[in-house]
Amino acid sequence: MSYWPAVCSSFAFGAVFFLSKGYTNSQVGIVLAAASILAVLMQPMAASFADRSARVSMKQLILLITGMCVLLAVGRFFCSDIPVVPAILYVLEQGLSYSLQPLINALGVRVMNYGAKINFGLSRGTGSLAYAVVSIALGLFLRIAKSDALPLFSVVFYLILALAVAKFPLPENQPSVNTSRRFGSSKEDGGAKVKVRRKLDVRFILLLAAVVLVFCAQNMISNYLIQIMKNVGGSADSVGISNGISAAVELPAMALFTFLVTKFRSSTLLRVSFAVFVCKAAATMLAPSVGALYLVQCLQFGGYALFIPSSVYYANEVIPKERLATGQAALTSASTCGSVLASILGGWLLDNFSVGIMLRVGVLVSAAGCALGVSAVKTVKRISDRAA
């Protein structure tokens with residue numbers, strides 16, 4: 001939960017911060033894109049280090065990266081009026097900040113593998129709610145104050161995150177209760193295990209490609225929602241309401257996930273989320289009014305809100321224990337790649353064609369991702385079946 005307010009104050013208000021410093025829209029776009037690209041590079045590097053390091057624990061690595069984010073945010077506050085410097089500090093901060101997400105996911109999954117009962121969906125849904133609340137609060141704050149204070153809010157949220165991680169209980173030297181479900185714990189011979197692992201690696205790579213495609217379509221809608229709203233008579237206020245609805249439906253969806261995953265396979269829920277991504281892209285394209293777009297946001301329940309926990313559970317079930325953090329980082333990096341692609345492709349389509357063409361392309365890209373993802377996902381047993 002405490003991670004997402006930091007993301008909100010830094011990344012979501014990044015454009016606001018730099019526009020207030022005299023940056024042009026194009027320059028802001030370059031800074032945000034550079035931050036996303038660095039995040040794609042940093043996520044697997046941090047996760048691979050977490051999986052391989054025997055000296056630095058997962059918690060220690062998270063605390064170390066969070067501390068670096070604090071220093072960069074402080075530097076951005078004091079150097080905000082120096083040309084170029086705040087942009088460089090911001091890119092570094094976001095690259096490190098986004099590398100925290102797969103590590104935090106892996107930390108929670110590792111505790112669940114030790115047998116602890118953690119409602120991952122509720123925790124992640126509460127994070128979405130916190131993101132929405134912080135977004136509204138900061139928006140109201142900026143009506144009466146300057147954006148110079150935004151880095152200080154980021155510092156506060158990073159410190160809260162560090163405190164939460166430091167207090168997070170993690171049994172270190174106990175065998176995982178899920179090891180029988182992982183590679184390397186099977187009684188099959190080594191050759192058979194290598195064959196199965198290679199087959200799964202190919203399917204997982206295809207799954208990552210599917211994530212890139214569906215998140216490209218998803219982020220073309222979210223990144224350029226203001227243009228979509230204006231196309232049907234809406235305004236910036238409509239965008240705020242739409243984002244609020246989207247964030248609000250994520251909480252119940254993620255809170256229910258712990259129950260759903262006992263009744264349905266995580267692989268099944270993941271496939272459903274891919275299908276709903278396509279439905280949302282198509283419904284957005286067909287929406288004739290602002291009110292209709294508000295209703296479309298309810299599909300977030302079965303799309304993004306279902307994808308996040310189901311992908312985390314699925315990766316936990318099919319990725320080898322020694323590569324767990326790397327697998328989680330790969331999924332996060334794939335979604336970030338989709339965001340970068342959405343920014344580039346969506347902007348080009350809007351500049352050269354129209355909102356309608358962009359939405360049509362989004363539907364096609366999402367459908368391709370769905371087809372690839374559904375075929376790539378490996379069927380796994382339900383949690384209740386494994387317990388039995």
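Contact here means that heavy atoms lie within 4.5 Å. The legends below describe a predicted model.

Figure 1. The protein chain holds 16 helices and zero strands. Of its 388 residues, 49% are buried. The mean pLDDT of the chain is 78, and 81% of the residues score at least 70. Residues 172-199 have a pLDDT below 50, and this stretch has 37 contacts in the model beyond near neighbours in sequence.

Figure 2. Helix 15 (residues 355-376) has the highest mean pLDDT among the elements of the chain, 93, whereas helix 16 (residues 383-387) has the lowest, 47. Over residues 384-388 the pLDDT stays under 50, and the model has four contacts for them beyond four places in sequence.

Figure 3. Buried positions in helix 4 include M58, L61, I62, I65, C69, L72, A73 and R76. An α-helix has 3.6 residues a turn, so residues three or four places apart point the same way.

Figure 4. Helix 7 has 17 residues, and the distance from its first C-alpha to its last is 25 Å, close to the 24 Å expected at 1.5 Å a residue. L150, P151, S154, V155, F157, Y158, L161, A162 and V165 are the buried residues of helix 7. I160 also lies in this helix, which covers residues 150-166. I160 is partly exposed because its relative accessible area, 43%, falls between the limits of 20% and 50%. Although I160 and Y3 are 157 residues apart along the chain, their C-alpha atoms are separated by 8.5 Å.

**Figure 5. Close-up of the packing of helix 11 against helix 13.** Two packed helices are described by the angle between their axes and the distance between the axes. For helix 11 (residues 266-286) and helix 13 (residues 304-318), the angle is about 145° and the axes are 8 Å apart. The crossing of helix 11 and helix 13 is left-handed. Helix 11 contributes S266, S267, L269, L270, V272, S273, F274 and F277 to the contact, while helix 13 contributes Y304, L306, F307, S310, S311, Y313, Y314 and E317.

Figure 6. The relative accessible area of S335 is 17%, which is under 20%, so S335 is buried. T336 is likewise buried, because its relative accessible area is 9%. Residues up to four places away in sequence aside, S335 touches V211, F215 and N219. With neighbours within four places in sequence left aside, T336 is in contact with S36, A39, V40 and Q43. T336 and I37 are 299 residues apart in sequence, and their C-alpha atoms are 7.9 Å apart in space.

Notes
Residues numbered from 1 in each chain as written. Predicted model: local features only at pLDDT ≥ 70, side-chain atom pairs only at ≥ 80, totals over all residues. Heavy atoms only, no water. Helix = DSSP H or I, 4+ residues; strand = E, 2+ residues; numbered from the N terminus. Buried < 20%, exposed > 50% of the residue type's maximum accessible area, 1.4 Å probe, protein only. pLDDT = per-residue confidence, 0-100. Axes fitted to C-alpha atoms, helices over the stretch in contact; angles between N-to-C directions. Left-handed = near helix turned anticlockwise from the far one by under 90°. Expected span 1.5 Å × (residues − 1).
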